[in-house]
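Trainee: Could you walk me through one part of this model up close? I'd like to take a sheet strand by strand.

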Amino acid sequence: PVQTGEQRLDVRFEQFEEGRKAAVFVKVDEVHPRRFMGFEVAQRVRATRDLRGGEVLFVKQGTTGTVVGAYSDTRVTVRFDSREDGSMANINAMLDEVETLD
């Protein structure tokens with residue numbers, strides 16, 4: 001149900017799981033632009049330095065991954081191909097912590 005004052009968009013997706021094309025009325029925060037802050041969804045990137053959480057090493061410098069989306073104005077969400085801590089979770093990297101693969 002639509003809440004009073006809620007911002008919504010009418011979005012036409014190129015593809016649906018059901019295989020049909022149709023418009024969907026979504027909340028503004030339910031969709032993200034394909035391009036943002038110099039990155040693009042599904043773009044391949046690499047870590048520019050070791051990424052840590054405190055003393056825990058998450059990703060070594062040079063580890064490659066795939067951009068999942070924008071996290072904030074200063075971070076991009078990346079699914080790295082491997083993590084040193086064994087986790088499969090995405091990392092919300094600062095913009096200078098990843099670079100595009102050329």
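Trainee: Which residue stands opposite Asn-92 in strand 10?

Mentor: That's Thr-77. A word on the ground rules: this is a predicted model, so to speak, with local features needing pLDDT of at least 70 and side-chain atom pairs counting only at pLDDT 80 or more, while totals for chains, interfaces and linings use all residues. Residues are numbered from 1 along each chain as its sequence is written, and side-chain values use heavy atoms, with hydrogens and water left out.

Now the strand itself. Strands here are DSSP runs of E, at least two residues, numbered from the N terminus, and two of them pair if DSSP finds at least two bridges between them. Strand 9 (residues 75-80) pairs with strand 10 in the antiparallel sense, over four bridges. Both belong to an open sheet of five strands, antiparallel in its pairing, with the order 10-9-8-5-11. Strand 10 (91-94) and strand 11 (98-100) stand at the edges with a single partner strand each, so one side of each has no neighbour in the sheet. Direction ignored, neighbouring strands of this sheet are turned by 50 degrees against each other on average (axes are lines fitted to C-alpha atoms, and angles run from 0 to 180 degrees between N-to-C directions).
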